[in-house]
Amino acid sequence: MLSRKLGLPTWDKPSLACLASRVPYGISLTREILERINQAEEFILSLGIGQVRVRHHREIGRIEVEPADMEKVIYHREKIGAKLKALGYTYLVLDLEGYRPGSLNLVLN
């Protein structure tokens, strides 16, 4: 809110957490994994989707977007599928609960 009041040009940009927050506990972080996530998210954002997280579950790329953007993901599913498979994901899923910060923490007790 403050950045909007100050008239900053980035006031409506989505929050961007560290790419490591897309990797579940127990999976070692590597440059390759982080680059894969970054490229996947940048591609999906380029399709006009405002907020995206690609959660890395080894061979599965779990895509989280705002519920309002789910139709866009489905519309672009072939492009997204081709890109993410080229990046090394075997399976792709659209999380029906949508984008939610900290979703990887659900497995913690």
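Is Glu35 buried, exposed or partly exposed? Glu35 is partly exposed, because its relative accessible area is 38%, where buried means under 20%, exposed over 50% and partly exposed in between, with a 1.4 Å probe and protein chains only. The structure is a predicted model, in which local features need pLDDT of at least 70 and side-chain atom pairs count only at pLDDT 80 or more, while totals for chains, interfaces and linings use all residues. Residues are numbered from 1 along each chain as its sequence is written, and side-chain values use heavy atoms, with hydrogens and water left out. Helices (H or I, at least four residues) and strands (E, at least two) are DSSP runs, numbered from the N terminus.

**Salt bridges**

- The count comes to 10 salt bridges, a salt bridge being a side-chain nitrogen of Lys or Arg within 4 Å of a carboxyl oxygen of Asp or Glu.
- In general, side chains of opposite charge can pair when their charged atoms come close.
- Within helix α2, Arg31 and Glu35 are four residues apart, about one turn of the helix, and their side chains form a salt bridge with an N to O distance of 3.8 Å.
- Arg31 counts as exposed because its relative accessibility is 68%.
- A salt bridge of 3.1 Å, N to O, joins the side chains of Arg55 and Glu64.
- Both partners are buried: Arg55 has a relative accessible area of 3%, and Glu64 has one of 0%.
- Arg55 and Glu64 also belong to a network of salt bridges that links them with Arg62, Asp95, Glu97 and Arg100.
- Asp69 and Lys72 meet through their side chains in a salt bridge of 3.6 Å, N to O.
- Asp69 counts as buried at 10% relative accessibility, whereas Lys72 counts as partly exposed at 35%.

**Aromatic rings and the nonpolar surface**

- The charged end of Arg36 sits over the ring of Tyr89, 4.9 Å from the ring centre; this label requires NZ of Lys or CZ of Arg within 6 Å of the ring centre and within 35 degrees of the ring normal.
- A search of the whole structure finds zero aromatic pairs, for which the ring centres of Phe, Tyr or Trp (its six-membered ring) must lie within 6.5 Å, with planes under 30 degrees apart counted as stacked, over 60 as edge-to-face and the rest as tilted.
- Tyr25, Val107 and Leu108 make a nonpolar surface patch of about 350 Å².
- Patches are made of residues with over 30% relative accessible area and no salt bridge, like charges being joined within 9 Å and nonpolar side chains (Val, Leu, Ile, Met, Phe, Trp, Tyr) within 5 Å.
- The accessible areas come from the Shrake-Rupley method with a 1.4 Å probe, and for residues only the protein chains shown count as cover.
- Tyr25 lies in the loop between α1 (2-5) and α2 (31-46) and counts as exposed, because its relative accessibility is 54%.

**Loops and backbone**

- Gln51, in the loop between α2 and β1 (52-57), counts as buried at 9% relative accessibility.
- The side chains of Gln51 and Arg53 are joined by a polar contact of 3.1 Å, a term for N or O atoms within 3.5 Å where, within protein, one must be able to donate a hydrogen and the other to accept it, and residues adjacent in sequence count only if both atoms are side-chain atoms.
- Arg58, in the loop between β1 and β2 (60-65), has a positive phi of about 55° although it is not a glycine.
- Most residues other than glycine have a negative phi.
- Gly102 lies in the segment after β3 (91-94) and is partly exposed, with a relative accessible area of 38%.
- Gly102 and Arg22 are 80 residues apart in sequence and 9.0 Å apart in space, C-alpha to C-alpha.
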